Amino acid sequence: AQKVTQAQTEISVVEKEDVTLDCVYETRDTTYYLFWYKQPPSGELVFLIRRNSFDEQNEISGRYSWNFQKSTSSFNFTITASQVVDSAVYFCALSEAGSGNTPLVFGKGTRLSVIA
Amino acid sequence: DTGVSQDPRHKITKRGQNVTFRCDPISEHNRLYWYRQTLGQGPEFLTYFQNEAQLEKSRLLSDRFSAERPKGSFSTLEIQRTEQGDSAMYLCASSLSPQETQYFGPGTRLLVL
């Protein structure tokens, strides 16, 4: 069965600090996709990144970077030099490709507060 | 290119009433998904469509919930005889194909009094 665990419920950092959000997943499928979404106070889920299970290269986009490690079933997200606008709830999600791409299974989210 | 839209954004209703929510996906997106999100939780899958075909509905929370996508474009989610436990955010998402990323709408926040 699919499962996504985000052990950090809430994190507070001071502006300009780096912060890493953890995500651990479980799946029996060999082909799957991992995602990160941001949910600001307005409520809309904003897509950040999608990785497939065959691509373990780390990715960097501006202040954001992602570390995908199949050996530990983790897909962690780091924000460098955090800003107040980064304050939001961040969700990690998983979709299995084996059954015609199942709908997303989400973790419970990590609420990030960046304090000025 | 407009994103996924949902209507209404907020709905307050009394217990026992029926409510209907609408979702307009991104143009040409074949897949449309409905999720529910309660306070402090991640979104939970309800049902999805490939064009007008509903591919999975066993995860709808009860037989009071139904969804349709009659012409393969917009979709509606109906909750009959609402209960206080139905209070939640209802999210719609669409994707170009099964393998592609799902993009979410702003959600409909339901409060059942």
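## Salt bridges

Glu83(B) counts as partly exposed, at 41% relative accessibility. On that scale, buried is under 20% relative accessible area, exposed is over 50%, and partly exposed is in between (1.4 Å probe, protein chains only). Before going on: this is a predicted model, in which local features need pLDDT of at least 70 and side-chain atom pairs count only at pLDDT 80 or more, while totals for chains, interfaces and linings use all residues. Residues are numbered from 1 along each chain as its sequence is written, chains are lettered from A and ligands numbered from 1 in the order in which they are written, and side-chain values use heavy atoms, with hydrogens and water left out.

What does Glu83(B) form a salt bridge with? The partner is Arg64(B), with the closest N and O atoms 3.4 Å apart. The two come from distant parts of the chain, 19 residues apart: Arg64(B) sits in the loop between strand 6 and strand 7 (65-68) of chain B, and Glu83(B) in the loop between strand 8 and strand 9 of chain B. For a salt bridge, a side-chain nitrogen of Lys or Arg has to be within 4 Å of a carboxyl oxygen of Asp or Glu. Strands here are DSSP runs (E, at least two residues), as are helices (H or I, at least four), numbered from the N terminus. Arg64(B) itself is buried, at 9% relative accessibility. Asp86(B) also forms a salt bridge with Arg64(B), here with the closest N and O atoms 2.8 Å apart. Asp86(B) lies in the loop between strand 8 and strand 9 of chain B and Arg64(B) in the one between strand 6 and strand 7, so this pair ties together parts that are 22 residues apart in sequence. Asp86(B) is buried, at 4%.

Over all chains, the structure holds seven salt bridges. One of them pairs Asp24(B) with Arg22(B) (2.7 Å, N to O); Asp24(B) is partly exposed at 24%, and so is Arg22(B) at 33%. In chain A, a network of salt bridges links Arg51(A), Asp55(A) and Glu59(A).

## The loop around Thr82(B)

Thr82(B) belongs to the loop between strand 8 (75-79) and strand 9 (88-95) of chain B. Is Thr82(B) buried or exposed? It's buried, with a relative accessible area of 1%. Its side chain reaches the backbone oxygen of Lys14(B) at 3.3 Å. Leaving aside neighbours within four places in sequence, the residues in contact with Thr82(B) (heavy atoms within 4.5 Å) include Lys14(B), Gln17(B), Arg64(B) and Val112(B).

Arg81(B), in that loop between strand 8 and strand 9 of chain B, has a positive phi of about 50° although it is not a glycine. Arg81(B) is partly exposed, at 45%.

Most residues other than glycine have a negative phi, and most peptide bonds are trans. Over in chain A, Ala81(A) has a positive phi near 50°. Ala81(A) lies in the loop between strand 9 (74-79) and strand 10 (88-96) of chain A and is partly exposed, at 31%. A cis peptide bond joins Asp7(B) and Pro8(B), with omega about -5°; Pro8(B) is in the loop between strand 1 (5-7) and strand 2 (10-13) of chain B.

## Strand 5 of chain B and its partners

Why is strand 5 (residues 44-50) of chain B largely enclosed by the rest of the structure? Because five of its seven residues are buried. Strand 5 runs antiparallel to strand 4 (residues 31-37) of chain B, and six bridges join them; two strands pair if DSSP finds at least two bridges between them. Trp34(B) stands opposite Thr47(B) in strand 5. The hairpin of these two strands has six residues between the strands, and there Gly40(B) takes a positive phi near 80°.

Strand 5 of chain B is also joined to strand 6 (residues 53-56) of chain B, by three bridges and again antiparallel. Here Gln50(B) is opposite Ala53(B), and Phe49(B) is opposite Gln54(B). This hairpin has two residues between its strands, and Asn51(B) in the turn has a positive phi of about 55°.

## Where the chains meet

The contact between the chains takes 18 residues from chain A and 22 from chain B. About 1,600 Å² is buried between them, 52% of it from carbon and sulfur atoms; that's the accessible area (1.4 Å probe) that two parts lose on being put together, summed over both. Zero salt bridges are found across this interface.

Definitions and conventions. Polar contact = N/O pair within 3.5 Å; in protein donor to acceptor, adjacent residues only side chain to side chain.
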